[in-house]
Amino acid sequence: MIPIPSSDQQLDFLSRLQRLFNEGDFTATYKFALLAALADLSVELGADDGNELDLSVRQIGERFIYLYWRHTLPYGDGRNGTAPDTLVQNNGTQAAVLTAISGFRAQSGVTTPQMARAHPGYQALLTSVARTVASQPLKYLQNVGGTTDQFLYEGVERGRVRLKRGVCYCFRRFYPLVQQLVRSHWIGHIKANQRNFSILGRSDDLEAFLFETSRESLVVFGGLLRTLDGPYCFYCRREMGPADVDHFIPFAHYARDLAHNFVLAHPGCNRRKSDSLAARPHLERWLERLTKHQDALTEIGARIGLGGGPEVNRRVASWAYATARAGGGHGWVAPGQYESIDQGYLCCFA
Ligand SMILES: [Zn+2]
């Protein structure tokens with residue numbers, strides 16, 4: 001097993017990443033999508049050691065399709081003389097990935113990335129997106145200040161790219177930080193593009209539009225969850241009237257919506273749990289439910305475009321608790337009641 005990177009090496013990763021954001025050339029938003037994809041795939045496919053991580057460009061391309069899918073919808077409220085339209089994500093003509101996805105959506109009538117995968121035209125879309133990923137962001141991501149700093153990977157070879165030793169570890173360790181950097185720069189890029197001025201106006205929900213599952217979809221999903229789980233709060237087990245759809249692993253920890261990660265909770269319980277991980281009794285119950293309802297959850301998730309699958313979600317949860325354990329985190333038991341996340345939590349995943 002390859003040892004994990006030292007503290008100095010981890011700091012070095014962060015400062016080079018920071019430099020990439022500050023000095024990199026971002027003509028399109030692709031590099032942000034690439035960093036988000038590499039961080040997601042590190043969490044979902046990597047492990048807590050210093051090993052390299054081998055990825056195919058098509059795997060990254062699939063993540064691009066997922067990330068840009070909702071961006072093809074028109075944005076804006078049309079008030080104050082603005083006109084809702086697809087946001088422009090390139091300084092020249094519209095980003096090719098967005099154009100390709102828009103074309104596919106118009107032609108196929110498919111509404112979610114999950115449904116898209118089953119469509120006969122999907123492989124051609126993926127090939128074209130993967131080609132763009134290889135020839136643009138993967139090629140240029142590490143160009144900073146007139147030089148190339150290949151600290152993440154060396155290059156694309158036979159449709160694959162290999163994250164260097166320690167890189168996957170650092171993406172996992174600093175995941176929330178990486179996602180926050182990606183999002184704020186991505187939003188900044190869109191806002192700075194003059195051709196978006198007439199679309200944006202004063203709309204202030206750009207972050208939710210770009211990165212979160214729509215409220216309408218969550219309402220539909222909540223209804224389906226109620227049929228599956230009954231009218232009881234996942235945390236306090238008491239009966240509910242109106243319910244919130246709660247991220248079991250909080251969105252602040254892992255910023256991709258996965259069907260199996262959602263549970264129904266009292267709005268009060270949801271609010272009080274907030275960005276904490278749930279304590280062990282909740283975790284055990286959630287893992288049981290994951291096994292018991294894995295197919296049903298996959299199916300209802302697919303209806304509103306939530307993917308991931310039970311195994312991915314289990315790995316994400318295992319990563320989230322291991323990271324919290326390493327950082328001295330606490331689990332939320334009930335309002336005002338927390339317990340320290342100890343080794344016993346990690347045994348739940350054995
Ligand atoms: Zn409750």
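**Exercise 1. Find out which residues of helix α16 are buried, and check the helix length.**

Step 1. Start with the buried residues of α16: they are Pro310, Val312, Asn313, Val316, Ala317, Trp319, Ala320, Tyr321 and Ala324. Buried means under 20% relative accessible area, exposed means over 50%, and partly exposed is in between (1.4 Å probe, protein chains only). Helices here are DSSP runs of H or I with at least four residues, strands are runs of E with at least two, and both are numbered from the N terminus.

A word on the source: this is a predicted model, where local features need pLDDT of at least 70, side-chain atom pairs count only at pLDDT 80 or more, and totals for chains, interfaces and linings use all residues. Residues are numbered from 1 along each chain as its sequence is written, and side-chain values use heavy atoms, with hydrogens and water left out.

Step 2. Now the length. The expected span of a helix is 1.5 Å times one less than its number of residues. α16 covers residues 309-326, which makes 18 residues, so it should span 26 Å. Its end C-alpha atoms are 26 Å apart, which agrees.

**Exercise 2. Work out where Asp12 and Arg16 sit relative to each other in helix α1.**

Step 1. Asp12 and Arg16 form a salt bridge, with 2.9 Å between the closest N and O atoms. That term means a side-chain nitrogen of Lys or Arg within 4 Å of a carboxyl oxygen of Asp or Glu.

Step 2. Both belong to α1 (residues 7-23), and because they are four residues apart, about one helical turn separates them.

**Exercise 3. Say which elements the salt bridge between Arg160 and Asp54 ties together.**

Step 1. The two side chains meet at 2.7 Å, N to O.

Step 2. Arg160 is in strand β4 (residues 160-163) and Asp54 in strand β1 (residues 53-56), so the pair ties together parts 106 residues apart in sequence.

Step 3. Arg160 comes out partly exposed, at 36%, and so does Asp54, at 32%.

**Exercise 4. Find how many salt bridges the structure holds, and name a network among them.**

Step 1. The count is 17 salt bridges.

Step 2. Through shared partners, salt bridges join Asp40, Glu44, Arg63 and Arg256 into one network.
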